[in-house]
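Work through the exercises below with the sequence and the model open. Each task is followed by a solution in steps.

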Amino acid sequence: MAAAEPIPQPDDSLPPTAKSVGAVKSELMHFNGPLRLTSGTGLPEYDLMVETYGQLNPQKTNAILICHALTGNHHAAGYYQDSTERPGWWDEFIGPGKPIDTDQFFVVSLNNLGGCSGSSGPLSINPLTGKAYGPTFPMVTVTDWVNTQAQLADRLGIECWAAVIGGSLGGMQTLEWSIRYPDRLKHAVIIASAPKLSPQNIAFNEVARQCILRDPEFKEGHYLEHQAYPKDGLTQARMLGHITYLSNAGMNTKFGRRTSTQYLDYRLSPEFEVERYLHHQGERFCGRFDANTYLLMTKALDYFDPAAQFQNDLSACVEQAKANFLVLAFSSDWRFSPDRSVELVDALITAGKGVTYACIESDAGHDAFLLPIPRYVNLLSSYLKVVSKDIL
Amino acid sequence: MSHPRIDWRLIADWVPKNTKVLDLGCGDGELLAYLSQERQTQGLGLEIEHAAIEACVKRGISVIEHNLNHGLERFSDQSQDTLVMTHALQMIKRPDRLLQEMLRIGRQAIITLPNFGHWSHRLHLLYKGRMPVSHSLPHPWYATPNIHLCTLRDFELLCEQMRITLLDKHFLNAKNRSSWASQQWPNLFCGQAIYRITKETST
């Protein structure tokens, strides 16, 4: 019953023995269809871009699936030889001696269907027309992703994951796994996520989509054919997104009201550091992301609502799950607030499932799930150590 | 395997095999681990201390970060078989309300309490004129987490007023052993009491 502990700082949280997985290579895997999609449409065939870290044991029981968030991809850890790019997006969590310990686990990470990092998506060539899909790429849902991830598991010979782990939209995929394929995972780790989006969340997504859709360069999604690109729209969408990924307190600490110049300009150009940060993030994002994919992925977020098929009874929905759950939330996350995780936790308790929940103090907002905050790192490490002891 | 702690052995005797146990203020999860091993229970702990939560995770015990002062609304009626609360009721803002909640959720509850009526506390207050500080209650009055201490008579009277049935009780002396004196005059000689209570009319 002690008072809250001081806010942990992201330092010295990793053991000194923790190492990088080193140079990695991604692999494009082809799957013959046809693939039926939730929307009623389908794909004749598809590709998934995949990376793996660590060794699969002979029994194939030590595999962990990483599900990425809205704009993530298959490159979760390590670095590419002869590349100056930053290491994978969850590099601080995946590697030898890290929480997702590649000395113990075989870690699988992929770019989801509809993505723009190598898996089939709007940038891929439609085999029926010989042209890029663009806006004609079918709408995909979390269910579709999980179904394709299950096909990937089949391909790798993995009958049952030791754990499926995901943050944010990745947490939704993890939850879907536990409901749709209850016998195919032992543990579900759901971080900074929610059992469905709130209307406020959908509203943010819609404004982001409108930024793109209303950009004259969007050309109804056929920008590639017109040698155009809705750069402004995508930049604005990402800027809006970034506001919701940070917290007010975090922004205060990070930027305050600092300006780039000593004197105010009294012009409309961005002067405050927070403005420049958003512009920088927006522009960096445009260089690596596809606008049609952004539209698809945000829609997948909006549509996710597994309890809808159970008269909105979430506990009835998770009844069929057999996994043990670890649910983590972050105190200053208002995009996927701790209350949303608690909703899921309460449903799991009511359904009599094994569940552990903690709310990590952090002022980093939703972005906290990507940061090596000591308490977060320790809890995840401790949990996965128990998982690794259970492996046969 | 019998546990070296007599109070936990006594608790385990009252927990039916293969049932659900909710431990309020479960600490490092050792009791839940013991019950799961001895009685094959399906356990869940509620805890607020960060270090304790991590210790539970390390043992593979399911634990929810939860402030007991915020109530137990998240648990539905009669959803648990046994609620356990060891040495924590006196730390709660409104122990009476929590008791009510516990017996709404569980068929029975097992509660351990330090006895503030123990002769050593009485003597301490009588001769020194100051709030008792002892091995079992080591904190000074201004920094103690034990904000609602009671004697065994107080507790039993509260149960009577709340129409709670005392199903069983054990009285251990200050050294946590069963002794003749602590059975004979519990409110004077018992250091720790263990109660099994219910609101059901017949159990």
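**Exercise 1. Find which domains line the largest pocket, and describe that pocket.**

Solution. Step 1: domain 1 (27-196 + 306-390) and domain 2 (204-298) of chain A each give at least three residues to the lining of the largest pocket. The domain bounds come from an automatic or database domain assignment.

This is a predicted model, in which local features need pLDDT of at least 70 and side-chain atom pairs count only at pLDDT 80 or more, while totals for chains, interfaces and linings use all residues. Residues are numbered from 1 along each chain as its sequence is written, chains are lettered from A and ligands numbered from 1 in the order in which they are written, and side-chain values use heavy atoms, with hydrogens and water left out.

Step 1: the pocket has a volume of about 1500 Å³. Of its 48 lining residues, Arg86(A), Trp89(A), Arg238(A), Arg284(A) and Leu370(A) are the closest to the centre. On a 1 Å grid over the protein atoms alone, a pocket is an open set of points with protein on both sides within 12 Å along at least five of seven lines, whereas a cavity is a set where a 1.4 Å probe fits but cannot get out; lining residues have an atom within 4 Å of a point. Grid points are joined across faces, edges and corners, and a volume is the space filled by probe spheres set on the points.

Step 2: helix 4, helix 5 (248-254) and helix 6 (273-288) of chain A each supply at least two lining residues. Helix 6 of chain A gives the most, with five. Helices (H or I, at least four residues) and strands (E, at least two) are DSSP runs, numbered from the N terminus.

Step 3: sorted by class, the pocket lining holds 21 nonpolar, 16 polar and 11 charged residues. Here Ala, Val, Leu, Ile, Met, Phe, Trp, Tyr, Cys and Pro count as nonpolar, Asp, Glu, Lys and Arg as charged, and the others, Gly among them, as polar.

**Exercise 2. How many cavities of 30 Å³ or more does a search of the whole structure find, and what lines the largest cavity?**

Solution. Step 1: the search finds one such cavity. The largest cavity holds about 40 Å³ of space.

Step 1: its lining includes Phe204(A), Asn205(A), Tyr294(A) and Arg335(A). Helix 3 (199-213) and helix 4 (231-245) of chain A are the elements that give two or more residues to this lining. Helix 4 of chain A gives the most, with four residues.

Step 2: the cavity lining divides into six nonpolar, two polar and one charged residue.

**Exercise 3. Why does the salt bridge of Asp183(A) and Lys322(A) tie together parts that are apart in sequence?**

Solution. Step 1: the side chains of Asp183(A) and Lys322(A) meet at 2.7 Å, N to O.

Step 1: Asp183(A) lies in the loop between helix 2 (169-180) and strand 8 (187-191) of chain A, and Lys322(A) in the loop between helix 8 (314-318) and strand 9 (324-330) of chain A, so the pair ties together parts that are 139 residues apart in sequence.

How values were computed. A salt bridge is a side-chain nitrogen of Lys or Arg within 4 Å of a carboxyl oxygen of Asp or Glu.
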